[in-house]
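Open your viewer and get ready to select residues one at a time. This short tour tells you what to pick next and what to look for there.

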Amino acid sequence: MHGMASPISVRTSPRHPLSVPRSSLVRSTHASHLVIRVADPLFPCAKLSKARAVVAAVMEVSKAPSSSGLANRQPSKEVLETWRSVNAVCFDVDSTVCLDEGIDELADFCGAGQAVAEWTTKAMTGTVPFEEALAARISLIKPSLSQVEDCLEKRPPRISPGIADLIKTLKANNTEVFLVSGGFRQMIKPVAFDLGIPTENIIANQLLFGSSGEYAGFDPTEPTSRSGGKAVAVQQIRQDHGYNTLVMIGDGATDLEARQPGGADLFICYAGVQMREAVAAKADWTVFEFEELISELS
(Lines give C-alpha, C1' and ligand atoms only; values in the text may rest on other atoms or scores of the structure.)
Protein backbone atom coordinates (compact mmCIF):
# COMPACT_ATOMS: atom_id res chain seq x y z
CA MET A 1 0.00 0.00 0.00
CA HIS A 2 1.31 3.43 -0.93
CA GLY A 3 1.75 5.97 1.85
CA MET A 4 -0.94 8.59 2.26
CA ALA A 5 -0.10 12.06 0.98
CA SER A 6 -0.22 14.88 3.44
CA PRO A 7 -3.70 16.41 3.66
CA ILE A 8 -4.18 19.39 1.37
CA SER A 9 -4.44 22.80 2.95
CA VAL A 10 -7.95 24.11 3.45
CA ARG A 11 -9.14 27.55 4.49
CA THR A 12 -12.79 27.71 5.40
CA SER A 13 -15.30 30.30 6.39
CA PRO A 14 -16.30 30.59 10.07
CA ARG A 15 -18.92 28.21 11.33
CA HIS A 16 -22.44 29.44 11.67
CA PRO A 17 -24.84 28.71 14.53
CA LEU A 18 -27.28 25.88 14.06
CA SER A 19 -30.52 25.36 15.88
CA VAL A 20 -31.34 21.70 16.39
CA PRO A 21 -34.61 20.53 17.91
CA ARG A 22 -34.60 17.78 20.47
CA SER A 23 -34.38 14.44 18.70
CA SER A 24 -37.16 11.93 19.13
CA LEU A 25 -36.42 8.66 20.88
CA VAL A 26 -37.57 5.51 19.16
CA ARG A 27 -37.18 2.18 20.91
CA SER A 28 -35.04 -0.27 18.99
CA THR A 29 -35.14 -4.04 18.84
CA HIS A 30 -32.55 -4.03 21.63
CA ALA A 31 -34.67 -4.32 24.75
CA SER A 32 -32.43 -2.18 26.92
CA HIS A 33 -31.42 0.40 24.34
CA LEU A 34 -32.98 3.41 22.78
CA VAL A 35 -32.07 4.51 19.27
CA ILE A 36 -31.95 8.19 18.44
CA ARG A 37 -33.87 8.92 15.29
CA VAL A 38 -34.00 12.56 14.30
CA ALA A 39 -37.45 13.83 13.40
CA ASP A 40 -38.06 14.04 9.67
CA PRO A 41 -38.01 16.66 8.27
CA LEU A 42 -35.26 17.70 10.64
CA PHE A 43 -35.78 21.44 10.44
CA PRO A 44 -38.67 23.64 9.29
CA CYS A 45 -37.88 24.75 5.76
CA ALA A 46 -38.29 28.46 6.54
CA LYS A 47 -35.92 28.23 9.48
CA LEU A 48 -33.41 26.23 7.47
CA SER A 49 -33.33 28.69 4.59
CA LYS A 50 -32.95 31.60 6.99
CA ALA A 51 -30.32 30.15 9.32
CA ARG A 52 -28.66 27.73 6.85
CA ALA A 53 -28.54 24.79 9.22
CA VAL A 54 -25.89 23.09 7.14
CA VAL A 55 -23.17 25.55 6.24
CA ALA A 56 -21.78 25.73 2.71
CA ALA A 57 -18.12 26.53 3.28
CA VAL A 58 -15.90 28.61 1.05
CA MET A 59 -12.52 26.99 0.67
CA GLU A 60 -9.28 27.30 -1.25
CA VAL A 61 -7.54 24.07 -2.17
CA SER A 62 -3.82 23.59 -2.69
CA LYS A 63 -3.57 20.39 -4.69
CA ALA A 64 -0.91 17.86 -3.85
CA PRO A 65 2.03 18.22 -6.26
CA SER A 66 1.79 14.57 -7.29
CA SER A 67 -1.85 14.95 -8.37
CA SER A 68 -0.91 16.19 -11.83
CA GLY A 69 0.79 12.87 -12.53
CA LEU A 70 -2.35 10.79 -12.05
CA ALA A 71 -3.25 8.96 -15.26
CA ASN A 72 -6.95 9.09 -14.38
CA ARG A 73 -7.24 12.88 -14.14
CA GLN A 74 -8.61 12.72 -17.69
CA PRO A 75 -11.41 10.14 -17.91
CA SER A 76 -11.50 7.61 -20.72
CA LYS A 77 -14.27 7.55 -23.29
CA GLU A 78 -15.77 4.50 -21.58
CA VAL A 79 -15.77 6.20 -18.19
CA LEU A 80 -17.49 9.28 -19.60
CA GLU A 81 -20.13 7.17 -21.34
CA THR A 82 -20.90 5.40 -18.07
CA TRP A 83 -21.05 8.67 -16.13
CA ARG A 84 -23.42 10.24 -18.63
CA SER A 85 -25.77 7.27 -18.55
CA VAL A 86 -25.74 6.74 -14.77
CA ASN A 87 -29.03 5.77 -13.09
CA ALA A 88 -27.89 6.21 -9.49
CA VAL A 89 -24.96 7.81 -7.67
CA CYS A 90 -23.84 6.82 -4.18
CA PHE A 91 -21.85 9.48 -2.33
CA ASP A 92 -19.57 9.08 0.63
CA VAL A 93 -20.32 11.84 3.13
CA ASP A 94 -17.23 12.71 5.19
CA SER A 95 -14.53 14.57 3.21
CA THR A 96 -16.73 14.27 0.11
CA VAL A 97 -20.23 15.69 0.49
CA CYS A 98 -18.97 17.46 3.63
CA LEU A 99 -15.62 19.09 4.33
CA ASP A 100 -15.17 17.39 7.68
CA GLU A 101 -14.99 13.86 9.05
CA GLY A 102 -18.13 13.86 11.19
CA ILE A 103 -16.82 11.44 13.79
CA ASP A 104 -13.64 13.52 14.15
CA GLU A 105 -15.70 16.65 14.70
CA LEU A 106 -17.78 14.89 17.35
CA ALA A 107 -14.62 13.55 18.98
CA ASP A 108 -12.99 16.97 19.06
CA PHE A 109 -16.15 18.45 20.54
CA CYS A 110 -16.10 15.76 23.25
CA GLY A 111 -12.38 16.19 23.96
CA ALA A 112 -10.99 13.09 22.21
CA GLY A 113 -10.03 14.64 18.89
CA GLN A 114 -6.42 13.65 18.32
CA ALA A 115 -6.72 9.98 19.29
CA VAL A 116 -9.83 9.53 17.17
CA ALA A 117 -8.35 11.33 14.14
CA GLU A 118 -5.46 8.85 14.13
CA TRP A 119 -7.92 5.96 13.93
CA THR A 120 -9.84 7.73 11.16
CA THR A 121 -6.68 7.93 9.06
CA LYS A 122 -6.11 4.21 9.55
CA ALA A 123 -9.69 3.44 8.52
CA MET A 124 -9.64 5.63 5.41
CA THR A 125 -6.34 4.26 4.14
CA GLY A 126 -7.42 0.68 4.77
CA THR A 127 -4.55 -0.16 7.13
CA VAL A 128 -6.93 -1.61 9.75
CA PRO A 129 -10.38 -3.25 9.37
CA PHE A 130 -13.08 -0.60 9.39
CA GLU A 131 -15.05 -2.29 12.19
CA GLU A 132 -11.96 -2.19 14.42
CA ALA A 133 -11.41 1.50 13.72
CA LEU A 134 -15.10 2.35 14.25
CA ALA A 135 -15.29 0.52 17.58
CA ALA A 136 -12.03 2.10 18.75
CA ARG A 137 -13.11 5.61 17.82
CA ILE A 138 -16.57 5.49 19.30
CA SER A 139 -15.26 3.89 22.53
CA LEU A 140 -12.90 6.86 22.91
CA ILE A 141 -15.78 9.32 22.49
CA LYS A 142 -18.78 7.60 24.14
CA PRO A 143 -21.01 10.58 23.29
CA SER A 144 -24.23 11.18 25.15
CA LEU A 145 -27.39 12.29 23.38
CA SER A 146 -26.96 15.83 24.64
CA GLN A 147 -23.37 15.95 23.39
CA VAL A 148 -24.44 14.86 19.90
CA GLU A 149 -27.17 17.51 19.83
CA ASP A 150 -24.82 20.21 21.17
CA CYS A 151 -22.21 19.29 18.56
CA LEU A 152 -24.74 19.60 15.74
CA GLU A 153 -25.86 22.96 17.11
CA LYS A 154 -22.40 24.44 17.62
CA ARG A 155 -20.54 22.70 14.80
CA PRO A 156 -23.02 22.10 11.97
CA PRO A 157 -21.77 19.99 9.06
CA ARG A 158 -20.17 22.03 6.27
CA ILE A 159 -21.15 21.25 2.70
CA SER A 160 -18.36 20.90 0.13
CA PRO A 161 -18.35 23.56 -2.61
CA GLY A 162 -20.20 22.44 -5.72
CA ILE A 163 -21.92 19.36 -4.25
CA ALA A 164 -25.35 21.01 -4.12
CA ASP A 165 -25.10 21.94 -7.82
CA LEU A 166 -23.96 18.43 -8.74
CA ILE A 167 -26.85 16.81 -6.91
CA LYS A 168 -29.27 19.29 -8.48
CA THR A 169 -27.90 18.40 -11.93
CA LEU A 170 -28.17 14.67 -11.25
CA LYS A 171 -31.78 15.04 -10.11
CA ALA A 172 -32.60 17.06 -13.23
CA ASN A 173 -31.32 14.07 -15.22
CA ASN A 174 -33.58 11.74 -13.20
CA THR A 175 -30.58 10.19 -11.47
CA GLU A 176 -31.21 8.89 -7.96
CA VAL A 177 -28.83 10.02 -5.20
CA PHE A 178 -27.83 8.05 -2.09
CA LEU A 179 -25.57 8.81 0.86
CA VAL A 180 -23.54 5.76 1.90
CA SER A 181 -21.42 6.45 4.96
CA GLY A 182 -19.47 4.87 7.78
CA GLY A 183 -20.53 7.87 9.85
CA PHE A 184 -23.68 8.23 11.92
CA ARG A 185 -27.23 8.94 10.79
CA GLN A 186 -27.68 11.54 13.50
CA MET A 187 -24.87 13.60 11.95
CA ILE A 188 -25.93 12.97 8.33
CA LYS A 189 -29.66 13.68 8.38
CA PRO A 190 -29.21 17.48 8.47
CA VAL A 191 -26.98 17.19 5.39
CA ALA A 192 -29.50 15.05 3.54
CA PHE A 193 -32.31 17.44 4.41
CA ASP A 194 -30.37 20.44 3.14
CA LEU A 195 -29.54 18.69 -0.15
CA GLY A 196 -33.03 17.36 -0.70
CA ILE A 197 -32.09 13.72 -0.29
CA PRO A 198 -34.80 11.56 1.33
CA THR A 199 -33.86 9.89 4.61
CA GLU A 200 -34.59 6.47 3.13
CA ASN A 201 -31.64 7.08 0.79
CA ILE A 202 -29.22 7.25 3.73
CA ILE A 203 -27.21 4.12 4.54
CA ALA A 204 -25.11 4.80 7.64
CA ASN A 205 -24.44 3.74 11.21
CA GLN A 206 -26.75 4.36 14.15
CA LEU A 207 -25.76 5.52 17.62
CA LEU A 208 -27.63 3.92 20.54
CA PHE A 209 -28.51 5.63 23.80
CA GLY A 210 -29.99 4.57 27.11
CA SER A 211 -33.17 5.89 28.67
CA SER A 212 -31.32 8.84 30.24
CA GLY A 213 -29.52 9.73 27.03
CA GLU A 214 -26.27 8.02 28.01
CA TYR A 215 -24.17 6.38 25.31
CA ALA A 216 -25.05 2.71 24.84
CA GLY A 217 -23.10 1.68 21.75
CA PHE A 218 -23.92 1.54 18.05
CA ASP A 219 -26.00 -0.78 15.91
CA PRO A 220 -23.67 -3.56 14.63
CA THR A 221 -26.25 -4.77 12.10
CA GLU A 222 -25.76 -1.77 9.83
CA PRO A 223 -23.70 -2.87 6.78
CA THR A 224 -21.44 0.19 6.94
CA SER A 225 -20.28 -0.72 10.47
CA ARG A 226 -17.76 -3.22 9.08
CA SER A 227 -15.12 -3.66 6.38
CA GLY A 228 -16.63 -4.20 2.95
CA GLY A 229 -19.90 -2.77 4.23
CA LYS A 230 -20.17 -0.03 1.63
CA ALA A 231 -19.80 -2.63 -1.12
CA VAL A 232 -22.62 -4.66 0.44
CA ALA A 233 -24.79 -1.54 0.79
CA VAL A 234 -24.23 -0.50 -2.82
CA GLN A 235 -24.95 -4.00 -4.08
CA GLN A 236 -28.19 -4.02 -2.09
CA ILE A 237 -29.21 -0.62 -3.49
CA ARG A 238 -28.63 -1.84 -7.02
CA GLN A 239 -30.49 -5.08 -6.42
CA ASP A 240 -33.46 -3.41 -4.73
CA HIS A 241 -33.93 -0.79 -7.45
CA GLY A 242 -32.69 -2.64 -10.53
CA TYR A 243 -30.35 0.14 -11.66
CA ASN A 244 -28.48 -0.53 -14.90
CA THR A 245 -25.64 1.86 -14.12
CA LEU A 246 -24.42 2.94 -10.69
CA VAL A 247 -21.43 5.09 -9.66
CA MET A 248 -19.72 5.50 -6.29
CA ILE A 249 -18.02 8.80 -5.40
CA GLY A 250 -15.78 9.17 -2.35
CA ASP A 251 -12.29 9.66 -1.01
CA GLY A 252 -11.44 6.54 0.96
CA ALA A 253 -10.52 2.88 0.67
CA THR A 254 -14.00 1.83 1.82
CA ASP A 255 -15.49 3.78 -1.11
CA LEU A 256 -13.14 2.11 -3.58
CA GLU A 257 -14.35 -1.28 -2.31
CA ALA A 258 -17.82 -0.52 -3.67
CA ARG A 259 -16.60 -0.97 -7.25
CA GLN A 260 -17.15 -4.66 -7.83
CA PRO A 261 -19.51 -6.97 -9.73
CA GLY A 262 -23.10 -6.28 -8.75
CA GLY A 263 -22.06 -3.01 -7.10
CA ALA A 264 -20.69 0.20 -8.56
CA ASP A 265 -19.68 0.26 -12.23
CA LEU A 266 -17.28 3.15 -11.58
CA PHE A 267 -15.44 4.60 -8.62
CA ILE A 268 -14.76 8.33 -8.89
CA CYS A 269 -12.27 9.61 -6.34
CA TYR A 270 -13.08 13.09 -5.02
CA ALA A 271 -9.75 14.52 -3.80
CA GLY A 272 -10.93 18.07 -3.19
CA VAL A 273 -10.68 17.71 0.59
CA GLN A 274 -8.31 14.80 1.19
CA MET A 275 -5.86 13.43 -1.36
CA ARG A 276 -5.29 9.76 -0.57
CA GLU A 277 -2.82 8.68 -3.24
CA ALA A 278 -3.31 4.93 -2.87
CA VAL A 279 -7.07 5.36 -3.39
CA ALA A 280 -6.83 7.97 -6.17
CA ALA A 281 -4.43 5.81 -8.14
CA LYS A 282 -6.98 2.97 -8.34
CA ALA A 283 -9.98 5.14 -9.22
CA ASP A 284 -11.59 5.23 -12.67
CA TRP A 285 -11.50 9.02 -12.49
CA THR A 286 -10.03 11.44 -9.96
CA VAL A 287 -11.48 14.93 -9.60
CA PHE A 288 -10.68 17.88 -7.35
CA GLU A 289 -13.82 19.89 -8.06
CA PHE A 290 -17.41 18.74 -8.51
CA GLU A 291 -17.69 21.11 -11.46
CA GLU A 292 -15.60 18.58 -13.41
CA LEU A 293 -18.42 16.09 -13.03
CA ILE A 294 -21.17 18.63 -13.70
CA SER A 295 -19.57 19.79 -16.96
CA GLU A 296 -19.68 16.27 -18.37
CA LEU A 297 -23.41 15.98 -17.68
CA SER A 298 -24.34 19.20 -19.48
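Which side chain does a polar contact of 2.9 Å join to that of Asp-92? Select Asp-92 and look for Lys-230: the polar contact joins the side chains of these two residues. Keep in mind that this is a predicted model.

**Stop 1: Asp-92**

Stay on Asp-92. It sits in the loop between strand 6 (88-91) and helix 3 (102-109). Is Asp-92 buried or exposed? Its relative accessible area is 4%, so it counts as buried, since the cut-off for buried is under 20%. Now show what surrounds it. Leaving aside residues up to four places away in sequence, Asp-92 touches Lys-230 and also, among others, Val-97, Val-180, Met-248 and Asp-255.

**Stop 2: Asp-94**

Move along to Asp-94. This residue lies in the loop between strand 6 and helix 3. Asp-94 has a relative accessible area of 12%, so it too is buried. Which residues does Asp-94 touch, not counting those up to four places away in sequence? Select Asp-100, Glu-101, Gly-102, Ser-181, Gly-183 and Asp-251 to see them.

**Stop 3: the aromatic pairs**

Now look for rings. How many aromatic pairs does a search of the whole structure find? It finds 2.

Select Phe-178 and Tyr-243. Their ring centres are 6.2 Å apart and their planes meet at 70°, so this pair is edge-to-face. The pair links distant parts of the chain, 65 residues apart. Phe-178 is in strand 8 (residues 176-184), while Tyr-243 is in the loop between helix 9 (229-241) and strand 12 (246-250). Phe-178 is buried at 2% relative accessibility. Tyr-243 is buried at 14%.

Next, select Tyr-270 and Phe-290. Here the centres are 4.0 Å apart and the planes are at 10°, so the pair is stacked. Tyr-270 belongs to strand 13 (residues 266-270), and Phe-290 to the loop between strand 14 (285-287) and helix 12 (291-295), so the pair ties together parts 20 residues apart in sequence. Tyr-270 is buried, with a relative accessible area of 2%. Phe-290 is buried as well, at 1%.

**Stop 4: a charge over a ring**

Finish with Trp-119 and Lys-122. What sits over the ring of Trp-119? Look for the charged end of Lys-122, 4.4 Å from the ring centre.

How values were computed: Residues numbered from 1 in each chain as written. Predicted model: local features only at pLDDT ≥ 70, side-chain atom pairs only at ≥ 80, totals over all residues. Heavy atoms only, no water. Helix = DSSP H or I, 4+ residues; strand = E, 2+ residues; numbered from the N terminus. Buried < 20%, exposed > 50% of the residue type's maximum accessible area, 1.4 Å probe, protein only. Contact = heavy atoms within 4.5 Å. Polar contact = N/O pair within 3.5 Å; in protein donor to acceptor, adjacent residues only side chain to side chain. Phe/Tyr/Trp six-rings, centres within 6.5 Å; stacked < 30°, edge-to-face > 60°. Lys NZ or Arg CZ within 6 Å of the ring centre and 35° of its normal.
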